[in-house]
Amino acid sequence: MFIHETPLLIMEEPNIYHHKVEYTWSFKKGNAKVNHYVKGYAISQYNTIEELNLDNVNYSMAIKRYGLVGRKFFNFQVTKIYDSKIVGKVNK
């Protein structure tokens, strides 16, 4: 019996991208939900919104950059990619 497991993230090209993106996240303030939208950047080897949201390195860098370490928030994600450019290659 042949079992084939596919990885979650499949790179088509071994490039490193610099993206101008929009991050969103939410806080609870009393009974209300407060949404935050911030334009920023992401440096990753992935080039779609779905893959950027699964990238743990980009997630941890953005959390630290926006001062969210140790705070209670939810639904942190990349919602838009405005611009992308290739800044390097992945070494194999």
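## How much of the chain is buried

Of the 92 residues in the protein chain, 25% are buried, where buried means under 20% relative accessible area, exposed means over 50%, and partly exposed is in between (1.4 Å probe, protein chains only). This is a predicted model, in which local features need pLDDT of at least 70 and side-chain atom pairs count only at pLDDT 80 or more, while totals for chains, interfaces and linings use all residues. Residues are numbered from 1 along each chain as its sequence is written, and side-chain values use heavy atoms, with hydrogens and water left out.

## The overall plan

The protein chain has two helices and three strands; helices (H or I, at least four residues) and strands (E, at least two) are DSSP runs, numbered from the N terminus.

Contacts give another view of the fold. A contact means heavy atoms within 4.5 Å. Among contacts between residues at least 6 apart in sequence, 68% join residues at least 24 apart.

## The sheet

The three strands form an open sheet in the order β2-β1-β3, with antiparallel pairing; two strands count as paired if DSSP finds at least two bridges between them. At the edges are β2 and β3, each pairing on one side only. From one strand to the next, the twist averages 15 degrees. For such angles, axes are lines fitted to C-alpha atoms, for helices over the stretch in contact, and angles run from 0 to 180 degrees between N-to-C directions.

Let's look at each pairing in turn. β1 and β2 are joined in the antiparallel sense over 13 bridges. Tyr17 has Ser44 in β2 as its bridge partner, and Lys28 has Lys33 in β2. The hairpin of β1 and β2 has two residues between the strands, and Gly30 there takes a positive phi near 70 degrees. β1 and β3 also run antiparallel, joined by eleven bridges.

Leaving aside neighbours within four places in sequence, Thr24 touches His36, Tyr37, Asn75, Phe76, Gln77 and Thr79.

Asn75 belongs to strand β3. Most residues other than glycine have a negative phi. Asn75 is not a glycine, yet its phi is positive, at about 60 degrees. Asn75 is partly exposed, with a relative accessible area of 45%.

Helix α2 spans residues 56-65, and its buried residues are Asn58, Ala62 and Ile63. Why are they on the same side of α2? They cover an arc of only 130 degrees around the axis, the arc being that of the directions from the helix axis to the C-beta atoms. On the other side of α2, Asn56 and Lys64 are exposed. Here is a handy rule: an α-helix has 3.6 residues a turn, so residues three or four places apart point the same way.

The buried residues of α2 pack against β1 (15-29), β2 (32-44), α1 (49-54) and β3 (74-89). The helix lies across β1, β2 and β3, running at about 110 degrees to β3. At the start of α2, a side-chain oxygen of Asp55 reaches to within 3.4 Å of the backbone nitrogen of Val57. After α2 comes Gly67, whose phi is positive, near 70 degrees.

## The nonpolar core

The largest nonpolar core has eleven residues: Val21, Tyr23, Trp25, Phe27, Ala42, Leu52, Ala62, Ile63, Leu68, Phe76 and Val78. A nonpolar core is a set of buried Ala, Val, Leu, Ile, Met, Phe, Trp, Tyr and Cys residues joined through side-chain atoms within 4.5 Å. The elements giving two or more residues to this core are β1, α2 and β3, and β1 gives the most, with four residues.

Which residues does Ala62 contact, leaving aside its neighbours within four places in sequence? They are Tyr23 and Phe76.

Technical notes
Polar contact = N/O pair within 3.5 Å; in protein donor to acceptor, adjacent residues only side chain to side chain.
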